[in-house]
Amino acid sequence: MEPPRSIIVAGAGIAGLTTSLILARQGRPVTLLERFDEPTEVGAGLQLSPNASRILFRLGLEKQLREQSHQPDAIRLVAAPSVKAITELPLGAMAEKRWGAPYLTIHRARLHSILWNAVKNEPQISIETSRAVVDASCDAVGARAVIDGPSGEEERWGHLIVGADGVRSVIRMRMRGGLPPRFTGEIAFRALLRGEDALAKASRFGIDTRCVSAFLAPSVHLVAYPLGEGQGVNLVANIAGEDPGPGWSEELSSDVARKAISRIAPGLGKLAGETEWLAWGLHAVPPRTAFIDPGGIALVGDAAHAMTPFAAQGAAMAIEDAAVLARCLQTWRDDRRAALLQYEAERRPRIARARRRGAFNHFVWHARFPVSLGRNMVLRTRSGESLLNDLDWLYGYDAGR
């Protein structure tokens with residue numbers, strides 16, 4: 001039997017689309033499988049830090065991304081009950097010059113659409129929708145996927161299977177050492193201010209619509225930022241709570257959101273009370289779970305390492321995964337096992353450091369008195385330059401090299 005050449009990518013989210021596109025640009029045939037008829041991204045906004053935007057720019061997506069995103073001037077940290085910043089991390093042109101790529105905010109669906117259109121126009125990629133991978137394994141020939149589709153189950157063989165099937169990854173659970181996700185005890189309340197007056201409305205409640213603003217209070221924080229091109233203002237608040245269930249469909253009353261966000265500032269609580277919110281239970285994949293099967297399976301994005309969003313690196317880490325996996329496969333073109341082992345060896349410490357940064361942010365942002373007082377005093381003494389120094393390892397990283 002001739003070894004299969006095509007790489008099977010399961011899942012057409014941001015991780016799967018980016019992986020497919022990079023591999024195809026290397027000249028590799030890719031079969032992209034998506035369980036829905038027409039893949040879409042739900043949710044609201046996301047932040048594309050320079051470690052992610054530089055990869056997407058290299059794929060020829062710079063013009064579209066710049067047109068459909070916002071480039072914030074700064075990240076502002078605001079301590080309750082004030083709406084005045086205790087410190088700012090300068091972004092904008094300074095960040096782009098420092099790290100060689102911009103820090104952008106964009107609606108998740110816009111980013112997905114840009115990637116989806118690029119994938120559809122790539123001749124090396126074969127797209128099959130309404131098909132879900134329900135089993136995966138490896139042998140000496142290659143990687144075997146069992147696919148459930150409109151005509152029932154069928155087997156498909158590939159040079160490699162890439163699991164980009166999200167936090168509840170079926171492929172991860174079929175791998176030796178694959179662990180199920182766990183609820184973190186945190187809920188993300190998400191909302192989007194829409195309409196022509198969205199920016200003005202946000203400004204009236206103390207939100208600086210030029211920046212990413214993080215409003216900090218004991219046990220709760222709210223992040224707000226514009227999305228560019230008239231897409232509105234993204235709002236996300238994180239608090240402890242019970243798991244509301246899977247999906248973005250669990251609507252919470254504005255009163256629940258208002259009570260939580262009012263602990264930050266009364267004005268923001270009033271804004272919350274006038275806004276529709278969706279609840280998303282935050283699930284994380286245990287750090288010790290398998291990233292690969294050296295025989296021919298690799299996980300990318302949330303399938304490998306879903307984490308809490310407190311470092312705003314979920315999408316960025318998925319995009320980095322795609323670039324590193326493709327680079328390792330290029331380096332070890334005739335040795336799939338060595339390529340996968342190198343991929344895991346590179347990604348594990350990087351993901352672990354991003355997790356630690358998120359845990360640190362969560363602790364600092366949700367701090368109670370007197371820790372919060374010390375936090376505010378320290379941050380007020382830090383210059384923007386020194387704060388940027390702390391992030392060189394994160395934003396200055398080039399996954400493609």
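## Leu46 and its surroundings

Leaving aside neighbours within four places in sequence, Leu46 is in contact (heavy atoms within 4.5 Å) with Ile14, Leu104, Thr105, Ile106, Arg108, Leu111, Tyr225 and Ala315. The model is predicted, so local features need pLDDT of at least 70 and side-chain atom pairs count only at pLDDT 80 or more, while totals for chains, interfaces and linings use all residues. Residues are numbered from 1 along each chain as its sequence is written, and side-chain values use heavy atoms, with hydrogens and water left out.

Leu46 is found in strand β3 (residues 45-48); helices (H or I, at least four residues) and strands (E, at least two) are DSSP runs numbered from the N terminus. Leu46 counts as buried because its relative accessibility is 5%, where buried means under 20% relative accessible area, exposed over 50% and partly exposed in between, with a 1.4 Å probe and protein chains only.

## Strands β3 and β6

Strands β3 and β6 run antiparallel and are joined by four bridges, two strands being paired if DSSP finds at least two bridges between them. Leu48 stands opposite Leu104 in β6.

In a regular strand the side chains alternate between the two faces of the sheet. In strand β6 (residues 104-107), Leu104 and Ile106 point one way and Thr105 and His107 the other, and all are buried.

## Gln231 in its loop

Gln231 lies in the loop between β14 (220-226) and β15 (233-240) and is buried, with a relative accessible area of 7%. Not counting residues up to four places away in sequence, Gln231 touches Gln68, Ser69, His107, Arg110, Leu192 and Leu193.

A polar atom of the Gln231 side chain lies 2.7 Å from the backbone oxygen of Gln68, and the side chain of Gln231 also reaches the backbone nitrogen of His107 at 3.4 Å.

## Aromatic pairs

A search of the whole structure finds two aromatic pairs, for which ring centres of Phe, Tyr and Trp (its six-membered ring) must lie within 6.5 Å, with planes under 30 degrees apart counted as stacked, over 60 as edge-to-face and the rest as tilted. Trp99 and Tyr395 form an edge-to-face pair, 5.1 Å centre to centre with 80° between the planes. This pair links Trp99 in helix α3 (residues 92-99) with Tyr395 in helix α14 (residues 392-395), 296 residues apart.

Tyr103 and Tyr395 form an edge-to-face pair at 5.6 Å centre to centre, with 75° between the planes. Tyr103 is buried, with a relative accessible area of 2%, as is Tyr395, at 5%, and ring pairs link Trp99, Tyr103 and Tyr395 into a cluster.

Definitions and conventions: Polar contact = N/O pair within 3.5 Å; in protein donor to acceptor, adjacent residues only side chain to side chain.
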